[in-house]
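Open the model in your viewer and keep the selection panel at hand. Each stop below says what to select and what is there.

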Amino acid sequence: MATVRIPKVLQAQTGGQSEVEAAGADVGEVLRALTAAHPETEAQLFGEEGELNRYVNVYLNDEDVRVLEGLETAVADGDTVVILPAMAGG
Amino acid sequence: MATGAQTKAVVEEIEPFEAAQEIEGGVVVLIDTREPHEFQEARIEGGKLVPPGLLRDEIAAAAPDKSARTILYCRSGNRSYKAAEQMEALGYTDVASMAGGILLWQEQGLPVVATEGMSAEQRDRYSRHTLLPEVGVEGQLRMLNAKVLLLGAGGLGAPTALYLAAAGIGTIGLVDDDVVDASNLQRQVIHNTERIGVPKTESARLTIEALNPDVKVIEHRTRLDAENILEIIEPYDVIVDGADNFPTRYLLNDASVRLRKPVVSASILSFDGQISTFVPFEGPCYRCLYPTPPPAEMAPSCSANGVLGVMAGTMGTLQANEVLKLVIGIGEPLVGRLLLYEALATRFTELKVRRDPECPICGENAVEIPESEIGQFPDYQAFCAG
C-alpha cells in the first residue's frame, strides 16, 4: 500500500480526504487505484489517451516521477505519492 | 583612587579627558559595561565588553588582576558606576567609573571606533541584524543597497514587503494595477480600511514609508506584459513572484531567465502554499517545474476558491526569508527544492525540483529568447486570473 497525498484543490473529488491509501506496483497503478476509488479525480490526472496530464506533477516520496520511470516507477510498500498542482494564487 | 577608608564605599568617578590620559598612558584595563548592540555601534578603542547582567561571570576573564587600574564606561555613566560598585564588592581595589559615559566622551571630541557606512540611527535600527555574525554590518549594507521587485502588492506581497522594508532593503519596487478592496483586508496586511479604493502600490508605499524611511519605494502601477517586463525588472537584483495568474508567472519566468534574475516564487490557494527559488542556470526554472499551465477550468483562483488569510503571511514571510538570504549571500536558498505547506495538517513537505534538459527556456537546447518572442509562447493565452 502506498499513501497518496491529495492537494486541497483535489479533495472535493476524494470526499474531503487529504490522504488516500492505494495499492499498486508502480505509480501508474497506484494512481489508477485512486481514480477507481474516486472517479472524479480521473479527469484531473489523466488525459483522454490515458496519459498523465502534463500540468500535473507527481512525486514518489520527494522525487519527480518524470526523472524516474514516469508512471512505470516502482512503488514500495509505505511509499508516499504526492500530487502537486500548479497554483497561481497570490 | 578608591576611597576605601570611608564606611560606605564611594566609587571614584573620573572625567572623560582624565580617562583618555590614563588610557593613552597604557597600563589600564578598560571595561565597556553596555549591551552588545551598543558596543558594536561605537566604542572606545581597547574597551572590553562586559554587559551588566554578565559582570559576575565575565569580569574575571576581562580583568584578571584585581589590583590593576580599571576604568569602566557605559553610555552615560550610570551603569558603569553600578558595575564599579559590584567590582569593589568582588575585591577590585582600583576601579574608576567614567562620568558622562561615551556620550560625554564623544561630545568632547574624543575618538571612538564606530561602525562604518551606516548612520547612528541605522546602527541603532538594524542592531539586531548586525549582531548576527552571519549578517553583520556588511550584510546590512548589502540589504540597504539591494533592489527588490515585488510582483503583486496583494496577499503574498503585503507581508513580504513589510518584512523586507523593516529589514532595510533599500529599494522596493511594487508592481500592481489594482486598488485596495474590502475583500483584500482579510490577508493583505500592508493595507487598511481607510485605504479602500486607493491604488495598492500607493497604499503599500505609505505603510512602508511609515515603517522605515530608509526604504525607497518605486511604484509600478501597471500589469506586467511582454512589452514592459524587461524594462521593469532589469534594474532589480531579486524578483519576488506573488502574481495571481499563470500567464504572468510564465512571462516573468521567461524574462527573468533571459536577464538572469533570481526569482523567489510562492503561491497560495485555500489552505495550501508552495514556494521555491529559481536562480537561472544554477537551478531549475518555473517551466522546469511546471512545463505546462493547467487549463482554466482546472486552475482555481483565490477569488473563486478562497484562501485562509494567514497563508499569505506564512508563505510571504518565507519569501522574505529567501530574499534576505539571496541578498546577504548566506544559507541555503530553496534552489532545486519546492517547499509545500499544508495549513490544515500543519505539515511542510520538501520536494526535489530538477533542471529539465528539455526546458524550452533554460534547457540544453534553449537559445536566448529574442525580445520579440518574450511573451509569444502559445500557452500565454487567457487563463482564469486572480
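Select helix H8 (residues 136-145) of chain B. Its buried residues pack against helix H7 (127-130), helix H9 (157-167) and helix H15 (309-328) of chain B. Those buried residues are Gly139(B), Gln140(B), Leu141(B), Arg142(B) and Met143(B). Buried means that 20 or more other C-beta atoms lie within 10 Å of the residue's own; exposed means 12 or fewer, partly exposed is in between, and C-beta atoms are placed from the backbone. Helices (H or I, at least four residues) and strands (E, at least two) are DSSP runs, numbered from the N terminus.

A word on the model itself. It is predicted: local features need pLDDT of at least 70, side-chain atom pairs count only at pLDDT 80 or more, and totals for chains, interfaces and linings use all residues. Residues are numbered from 1 along each chain as its sequence is written, while chains are lettered from A and ligands numbered from 1 in the order in which they are written.

**The nonpolar cores**

Now select Val148(B), Leu150(B), Ala161(B), Ile172(B) and Val323(B). These have the most contacts inside the largest nonpolar core, which has 93 residues. Such a core is a set of buried Ala, Val, Leu, Ile, Met, Phe, Trp, Tyr and Cys residues joined through C-beta atoms within 7 Å. H15(B) gives the largest share of this core, 10 residues.

Centre on Ala161(B). Which residues does Ala161(B) touch, not counting those up to four places away in sequence? They are Leu150(B), Ala153(B), Ile172(B), Leu174(B), Ile190(B), Ala204(B) and Ile208(B). Contact here means C-beta atoms, placed from the backbone, within 7 Å.

Another core, of 23 residues, lies apart from the 93-residue one. Select Ala19(B), Ala83(B), Tyr92(B) and Trp105(B), which are among its members.

**The parallel sheet of chain B**

Show chain B as a cartoon. An open sheet of 5 strands runs in the order S1-S6-S5-S2-S4, with parallel pairing. Two strands pair if DSSP finds at least two bridges between them. Strand S1 (12-14) and strand S4 (48-49) of chain B are the edges, each pairing on one side only. Helix H4 (residues 78-89) of chain B packs on the sheet and touches strand S5 (70-73) and strand S6 (95-98). The direction of H4(B) makes about 175 degrees with that of S6(B). Axes are lines fitted to C-alpha atoms, for helices over the stretch in contact, and angles run from 0 to 180 degrees between N-to-C directions.

Next, select strand S2 (residues 29-32) of chain B. S2(B) and S4(B) pair in the parallel sense over 2 bridges. Ile31(B) stands opposite Lys48(B) in S4(B).

**Where the chains meet**

Show both chains. How many residues does each chain bring to the contact? Chain B gives 35 residues and chain A gives 19. On the chain B side, helix H12 (246-258), strand S12 (263-269), strand S13 (272-278) and strand S15 (347-352) each supply at least two residues. The largest share, 4 residues, comes from S15(B).

Stay in this part of chain B and select Arg260(B), in the loop between H12 and S12. Arg260(B) is not a glycine, yet has a positive phi of about 55 degrees. Arg260(B) is exposed, with 10 other C-beta atoms within 10 Å.

**Chain A**

Chain A has 2 helices and 5 strands, running β-β-α-α-β-β-β from the N terminus on. Its C-alpha trace spans about 35 × 25 × 25 Å along the principal axes. Of its 90 residues, 38% count as buried.

Select strand S5 (residues 80-85) of chain A. 5 of its 6 residues are buried, so S5(A) is largely enclosed by the rest of the structure. Strand S1 (residues 2-5) of chain A pairs with S5(A) in the parallel sense over 3 bridges, and Val81(A) is the bridge partner of Val4(A). Strand S3 (residues 56-60) of chain A pairs with S5(A) in the antiparallel sense over 5 bridges. There, Tyr59(A) stands opposite Val82(A).

Last stop: Asn61(A), in the loop between S3 and strand S4 (63-64) of chain A. Asn61(A) has a positive phi of about 55 degrees, although it is not a glycine. With 15 C-beta neighbours inside 10 Å, Asn61(A) counts as partly exposed.

Note on methods
Contact = placed C-beta atoms within 7 Å.
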